[in-house]
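This report covers selected local features of one predicted model.

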Amino acid sequence: MKKILLLGGSNQQIIAIEKAKEMGIYTILCDYLPDNPGQYVADKFYLESTTDKDAILKISRDENIDGIIAYASDPAAPTAAYVAEKLSLPGNPYKSVDILCNKGKFREFLKANGFNVPMSKSFASKKEVFDNINDFKFPIIVKPVDSSGSKGVTVLKSEKNLETALKSAFSYSRSKKIIIEDFIEGKYSVIGGDIFIRNGEIDIWGLMSSQRDTGVNELVPVGESFPLNLEESLLNEIKYTLSLLVKKLHIENGPMNVELMVDKKDKVYLIDIGPRSGGCMIPELISDIYNVDIAKMSIESSMGFESEFKPTKSNEYFAIYYLHSSKSGILKNIKFDQVLEKYVYRKCIYKKQNDEVEFFKDASKCLGIIFLKFPNYAEMSKILNTIENLIRIDLI
């Protein structure tokens, strides 16, 4: 029986464990959290940090694995690439994956290869920041070089709260390094979603408009909608930019989570590119849109199997929405307006009555996810523009 090592066993990663088992593959899970739910699904479990490359390499050798995957996990992606390279398993170049997972290295790569990139600089201490802060023009964005899910990210319009922003960014950085860059004023909403690469070419374009709840947190997405409502020339420029990135990094197979912006001069900026499937069930939404199975395709890619899926894009309009709270407390109930219910075709609720709920400061505080389908763009826009009024989160 073939063996696969999966890095991470959260609720959103269980689908990959279940899919591998469904494919007849023996599943081995590593996660540093003793209460991760994936351990009860996998065939074998190791309580081990997925960012400890040498520890994971030893487990991989001991288990004689045939493939390794970091499904929907940025921190674990370099580990998966490192192990795959060391053991000559299927995967993308470790150097490329490492660049994508470190915002400082990624910005330097973009500069060196002629991509549009905001003015930016990496720092290893608060003193370095204060010594160089005059090099920047506000607004700026402060973030860890190696975090995901908007953890530790702050937009500053002045130097007033710089100390607090730095403390947050450094606290979320595993390498204790941060990056500061000019804040890009976007012409459109942030463009997010996933793409899927097969044999060096982008085969699936799951590009979406990212939605924010500015009354709660302007930096953390609360939803995505498909397709993008952009003129064809700009969409082609976005596709060209991503295709060029894939080529220059020598990415051959697998999913990539993307975040881009278009400024007011129609210049395309690559903000964050993760060498893995997106979190918050984005792969499941794209599977519905293209009539494929992204989780299975990701497993196949990591095992070196040939995928037989042929994507056929739906003509309907899709969206995903992340249930979230504007304050912390104990959950009483979640209520959906009937106006919204008719568009919902799937609900994945993580929290139940009397569970603790936290303020939505990052993606990990999501209470659940709903999937929506619409007959046209106008109807989708109308609902998404008022969706905060159609869902009620009652706390005790």
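## Local geometry and contacts

Phenylalanine 115 sits in the loop between helix H5 (103-112) and strand S5 (120-123). Helices (H or I, at least four residues) and strands (E, at least two) are DSSP runs, numbered from the N terminus. The model is predicted: local features need pLDDT of at least 70, side-chain atom pairs count only at pLDDT 80 or more, and totals for chains, interfaces and linings use all residues. Residues are numbered from 1 along each chain as its sequence is written, and side-chain values use heavy atoms, with hydrogens and water left out.

With a relative accessibility of 10%, phenylalanine 115 counts as buried. Buried means under 20% relative accessible area, exposed means over 50%, and partly exposed lies in between (1.4 Å probe, protein chains only). Leaving aside residues up to four places away in sequence, phenylalanine 115 touches Phe109, Leu110, Thr241, Leu244, Leu245, Lys248 and Leu270; contact means heavy atoms within 4.5 Å. Phenylalanine 115 and leucine 245 are 130 residues apart along the chain, and their C-alpha atoms are separated by 8.8 Å.

Lysine 143 belongs to strand S6 (residues 140-144). Its relative accessibility is 4%, so lysine 143 counts as buried. The side chains of lysine 143 and glutamate 181 are joined by a polar contact of 3.3 Å. A polar contact is a pair of N or O atoms within 3.5 Å; within protein, one must be able to donate a hydrogen and the other to accept it, and residues adjacent in sequence count only if both atoms are side-chain atoms. Beyond four places in sequence, the residues that lysine 143 touches include Lys103, Arg107, Glu181 and Asp272.

Threonine 50 is in the loop between strand S3 (44-47) and H2. Threonine 50 is buried, at 10% relative accessible area. Among the residues touched by threonine 50, not counting those up to four places away in sequence, are Ile56 and Thr79.

The next item is a helix pair. Helix H2 (residues 53-63) packs against helix H3 (residues 77-86) at an angle of about 50°, and their axes are 9 Å apart. H2 is therefore oblique to H3. Axes are lines fitted to C-alpha atoms, for helices over the stretch in contact, and angles run from 0 to 180 degrees between N-to-C directions. Angles under 35 degrees count as roughly parallel, over 145 as roughly antiparallel, 65 to 115 as roughly perpendicular and the rest as oblique.
On the H2 side, the contact is made by Lys53, Asp54, Ile56, Leu57 and Ser60, and on the H3 side by Pro78, Thr79, Tyr82, Val83 and Lys86. By class, this contact of H2 with H3 has five nonpolar, two polar and three charged residues. Ala, Val, Leu, Ile, Met, Phe, Trp, Tyr, Cys and Pro count as nonpolar, Asp, Glu, Lys and Arg as charged, and the others, Gly among them, as polar.

Helix H10 (residues 294-303) is mostly covered, with nine of its ten residues buried. The buried residues of H10 include Ile294, Met297, Glu300 and Met303. At the start of H10, a side-chain oxygen of aspartate 293 comes within 3.3 Å of the backbone nitrogen of alanine 295.

## Backbone exceptions

Most residues other than glycine have a negative phi, and most peptide bonds are trans. The table lists departures from this.

| Site | Feature | Value |
|---|---|---|
| Phenylalanine 138 and proline 139 | cis peptide bond | omega about 5° |
| Phenylalanine 226 and proline 227 | cis peptide bond | omega about 5° |
| Asparagine 199 | positive phi, not a glycine | phi about 55° |
| Cysteine 280 | positive phi, not a glycine | phi near 55° |

Proline 139 is in the loop between helix H6 (126-132) and S6. Proline 227 is in the loop between strand S11 (217-226) and helix H8 (232-248). Asparagine 199 lies in the loop between strand S9 (191-198) and strand S10 (201-213), and counts as exposed at 56% relative accessibility. Cysteine 280 lies in the loop between strand S13 (268-274) and helix H9 (282-290), and counts as buried at 8% relative accessibility.
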